[in-house]
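Subject: Structure handover

Hello,

Please find the structure below, with the sequence alongside. My notes on it follow.

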Amino acid sequence: MTLIVKEVTRLTVGLIFLFGIYIMLHGHLTPGGGFAGGVIVALSFIHMVLAYGGDFATKKMNSRIATILESLGGLMFLSLALLGLIFAGVFFLNLLPKGMPFELKSAGIIPLCNIAICIKVGAGLFLVFTLLTMFKPGGDK
Amino acid sequence: MEYITLTEADQLIPLLVFMIIGSIVALEIDDMLSSVIAIGAVGVGVTISFLILKAPDLAITQLVVEILCLILLVRATIKREMRFPRKHADYLRIISALVLIFLFLVFSYSALMGLPPFGMPIMKVASEYIARGIHETGATNMVASVILDYRGYDTLIEASILFTAVLGVSVVLRSVGRIRNEKS
Amino acid sequence: MIYFLCFVLFCVGLYGILVKRNLIKIIIGMSILDYASYLFLVLVGFRMEGRAPIYDKAQEVKNMVDPIPQALVLTAIVIGLAVLALMISIAVRLYEKYGTYDITEIRKLRG
Amino acid sequence: MTRLLPFFIALPLGCAFLVNLFKNKKAADVLANLCTFILLVLSLATISIVKAHGIVVYKVGNWIPPIGISMVVDGLTVFLLVTVNLVSFLSSLYSIDYMEKYTAKPKFYSLFLLMLTGMNGLIVTGDLFNMFVFLELAGVASYALVAFGTEAEELEASFKYMILSSLSASFVLLGVTMIYSYTSSLNMADVALTLAQKSSSPDVTILFIAVLFLMGFGLKAAIVPFHPWLPDAHPSAPAPISAMLSGVLIKALGIYAMLRVFFCILGASPLFLETLCILGILSMIVGVLLAIGQWDVKRLFAYHSISQVGYVLLGIGLGTPLGILGGLFHLFNHSMFKSLLFLNSGSLDYAAGTRNLKEMGGLKDAMPVTEKTSLVASLSISGIPPFNGFWSKLFIIVACVQARHPGYALWAIIGSLLTLSSFMKVMRYAFYGMPKKAYASLKEAPSSMQAAMIILAIICLLGGVLLFPLFRNALLQPAVDVLLNGKNYATIVFSQLK
């Protein structure tokens, strides 16, 4: 891409990434949540790939790391659900302290679940994008 | 200067008509790239209607997912810039599809009469959520408490659907599927 | 009345899937179908002078919109995204194998 | 003991996430088979639980049902759980050797376990929207698995399967939305209660909801008007996956969901039972007629799946206790011998590399085990006395005569005769013809494939005579009772909660 686009993306990628993290962390207080935050994080990486081209991205976040991150996010979410089963015998129990309603650290496992979903959605969608762009037709002849 | 207050229904009807026209345009246009853009417009229309219907959570998610869908759709069409040649449209298929759809619509019109009118939902379970939500889950955003605590089981499965889709994409796009064993 | 308009949008998507021959048009028809079902879900949960279902420190919110359909739509949107991503990757792979997006040609070449 | 219920979903989900990270195939094999084996043992254990309690309601997240999501396990659920987990364990055993011919084996196992999670979850759930989400999970996993060997026609078949299936999922979503708007609750028992109180006379809305669900689940179960995707999708999938697809997926996602929604929630009106019988007859005859001209082994088996599903629908559509018993028993038998047939075609494909009957011939001496197991499977699908297929078809035909529908019984007999003729063709061309020179140096299928096939053949053999009395009161009778008194499903669930 042209130089202007590269310079602008250098500034905006960080902001978009931060915005995604904000949306995800405040999921239980303001609108948005794990999914919206995850997709925004994925978009910030895609934004970078679009501006700087595919090979640059593989240095930053190649597909191996993305698969590992994605599986880890999934396992984290599943273990949060199993937490309730191990301690209190009920599958999806929200057993962490609920805290004060309007503070950030307030709603038991909901913020942790949001973080797990964000990791999984972000890594997964970025992986889909890199796979689709890296796909060279006629590769298997 | 008294403002004319448009009820939600009045705001939504023109938006829905715009979306229907947009989707018909998206289907009928020959050039694939412009039909993808028409779909983007319909998607943004859906986001605006979510805002009108007081669902900010959904508006953010829908807008962001919409952007991603557009990027993927453009990826599938950009390399194939060709205009799709309109061959002889087989009229039998179109007629039968239209008749089927017309019947479906007539049947649905009378069925929709039985539902509670727009704007007056019977919120039997929802009123429980609203009343007890903030104490039991501690989250102030009711939608977040519903998707992660009351019905968190759905969201666990839904996150694994995304995991399956990503796995499916990596399986479909891998270069060598079946190892050709050399025939004797 | 609005429910019926939603069903008309659903049927436009249905028409797109049943009649169109181009793979991408079928995928577009599928996403229109999804948009219509999300809209119908949220329309069902709307309350006349309701407010967004988020408690606010500033003022006590009395009548809230129904949060359950919104939770369902959030799940359905991501399912729609997942199915769309898989469809596009298969369509790209089909184009690479058959050289065209026209489903009738693909069926003929299939032999 | 009921604390183990969530493991039906949590265990395969966790293993699926883990298997995806493995590099070497051996570890992936071990973990996947271990997981399916534990699930099989777990499902056999739940038989005793349901026998003791009759019905088990597990509250996810400790919310009382109308508020949160609940898992409901009764006779019908356990019957399906045992069938699904049995076929999936044998398929994963089979795929240890069969999948050597494909790349990315850990990814195959991960998708396989996710499909299994989807099916287990759908069978166990007691919540409408949860059923839709699990329907979608099993669906997405099966789209990817059908397109696993990225050949040209597999991709095309998978694309068509995906379009029709997500269309049916949208119909189900519309149905769930209308039910939510009509009764403002998603829990099956709660919806059944409100529907019963709300309107005794079936007004247009409930009829419309019933039609939406019938179209959605009918498309998943490949009933006649919606069957075109099945003859393309099943042959192009790898053999253990087409065994799972034909054996359990169309039953768990299609027929079980339809039974649960119609018998327990919307109330099985005589009109609905009548349409079920007619659809059953139609798919029975159309499936067999289409199968006659086929030369591709797997396509022929796929067409027979459609016709055998027709038998199950006919049996259940009669509504009489014997009819439902025959239908459910045929459902179990069909999963057994159909998955065995697909596994046989897989070992033929593995050894000879072809699926076309014309090219095969005289493999009797080269592949003794496969020949014997496919003989057992062919005889039991066409209803020859000692095998299990005969008993369930006999029950259905007798039930038809009892329910004063001799015409249906006649159609059933014609259908099974046509099935017999087309399977004679398969056996003759595949195994008994004169051996072709190209396949002289053929070796038998590897050990794990033989083991899976032999176990299935034994079940087909025993299913008929020996297994039936024990099998009946343990599994079948509770399932039939659930369907018979479907109307007070809600009262049982709520009484269980108090």
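In chain A, which has 141 residues, buried residues make up 45%. Please keep in mind that this is a predicted model. Chain A is built from 5 helices and has 0 strands, so its order from the N terminus on reads α-α-α-α-α. Of the contacts in chain A with a separation of 6 or more, 67% are between residues 24 or more positions apart.

Chain A also touches chain D. Here 14 residues of chain A are in contact with 11 residues of chain D. On the chain A side, 9 of the residues are nonpolar and 5 are polar, with no charged residues.

Next, the contact between chains B and C. Chain B puts 73 residues into this contact, and chain C puts in 65. On the chain B side, seven elements are listed as giving two or more residues each: α1 (8-28), α2 (32-52), α3 (56-78), α4 (91-113), α5 (124-137), α6 (142-150) and α7 (152-172). Of these, α3(B) gives the most, with 12 residues. Sorted by class, the chain B side has 52 nonpolar, 13 polar and 8 charged residues.

From α14(D), the residues making the contact are D:Glu371, D:Leu375, D:Ser378 and D:Ile381. From α16(D), they are D:Thr419, D:Phe423, D:Val426, D:Met427 and D:Phe431. Taken together, the residues of this contact divide into 6 nonpolar, 2 polar and 1 charged.

If you plan to look at the interfaces, one general point on reporting: the size of an interface is often given as the accessible area lost when the parts come together. The figures above for the chain B and chain C contact are residue numbers instead, 73 from chain B and 65 from chain C.

Regards

Notes
Residues numbered from 1 in each chain as written. Chains lettered and ligands numbered in written order. Predicted model: local features only at pLDDT ≥ 70, side-chain atom pairs only at ≥ 80, totals over all residues. Contact = placed C-beta atoms within 7 Å. Nonpolar A, V, L, I, M, F, W, Y, C, P; charged D, E, K, R; others polar. Helix = DSSP H or I, 4+ residues; strand = E, 2+ residues; numbered from the N terminus. Buried ≥ 20, exposed ≤ 12 C-beta atoms within 10 Å, placed from the backbone.
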